Amino acid sequence: MWNELFDFFVGASFAYVVIRLPFMMFPRMRSWNDQFSAHPSPIALDPHLIQRVLHMRMFFWSGLFFASLPLFLGWASLKYGGAAMGFGLWVVSGWTVISRIMCVIGDDGPPWTKQLAMRLQKVRNDSQSEDSCCEHSLPVWEVTAVRCSTCRKVLLAESRPDLGRPRSDGWIKGIIRLLITDGRPIAAPLGEEE
Ligand SMILES: [Zn+2]
């Protein structure tokens, strides 16, 4: 009984982690983050950042491709006698695939979307236009909003999700936090007007 529970838990955890590997690992390589300020300081709103949002979106969705590994291992376990582990692998990877496909329909999708990239681009365009908040407009993404670092005006009330920078809370804590939050911001966004 306990052995089976343990096997189930191992299978389930493995599937859970594998599906999240792309966004937890790939963007965090040092050379990929040279152009960004270190986590958790505010990050300048430039083309690199907008591209990073789109990359994070791609890494998130490539988790679906990675789900084929636990699905295959689950199938092999079921076939060759590791029923509990196979079941754990299947339950978690199957559930994740279904919930990710469903979130396209609902509004509980990943924090990185094309729409978000477009909103950021608009803030950037505005800050360079005549309608900019101040003369030396310099938008940066802080934890709870995009603000102008010169005049401190809130330009976009949107909490900052994980952006793939190596995390300041260390490797292990960072991974645990990402596993729990799926990269979503924890802080609520600020109001547009303060
Ligand atoms: Zn300003």
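The crossing of helices α1 and α2 is right-handed; a crossing has that name if the near helix is turned clockwise from the far one by less than a right angle, and is left-handed if anticlockwise. This is a predicted model, in which local features need pLDDT of at least 70 and side-chain atom pairs count only at pLDDT 80 or more, while totals for chains, interfaces and linings use all residues. Residues are numbered from 1 along each chain as its sequence is written. Helices (H or I, at least four residues) and strands (E, at least two) are DSSP runs, numbered from the N terminus.

Helix α1 (residues 2-25) packs with helix α2 (residues 47-66) at an angle of about 155 degrees, their axes being 7 Å apart. That makes the two helices roughly antiparallel, the word for angles over 145 degrees. Axes are lines fitted to C-alpha atoms, for helices over the stretch in contact, and angles run from 0 to 180 degrees between N-to-C directions. Residues are in contact if their C-beta atoms, placed from the backbone, lie within 7 Å.

| Helix | Residues in the contact |
|---|---|
| α1 | Val18, Ile19, Arg20, Leu21, Pro22, Phe23 |
| α2 | Met56, Phe59, Phe60, Ser62, Gly63, Phe66 |

The sheet is open, with four strands in the order β1-β2-β3-β4 and antiparallel pairing; two strands pair if DSSP finds at least two bridges between them. Its edge strands, β1 (43-44) and β4 (154-156), each pair on one side only. Strands β2 (residues 139-141) and β3 (residues 146-148) are joined by three bridges, and proline 139 has cysteine 148 of β3 as its bridge partner. Helix α5 (residues 114-128) packs on this sheet and touches β2, β3 and β4.

How values were computed. Angles under 35 degrees count as roughly parallel, over 145 as roughly antiparallel, 65 to 115 as roughly perpendicular and the rest as oblique. Two residues are in contact if their C-beta atoms, placed from the backbone, lie within 7 Å.
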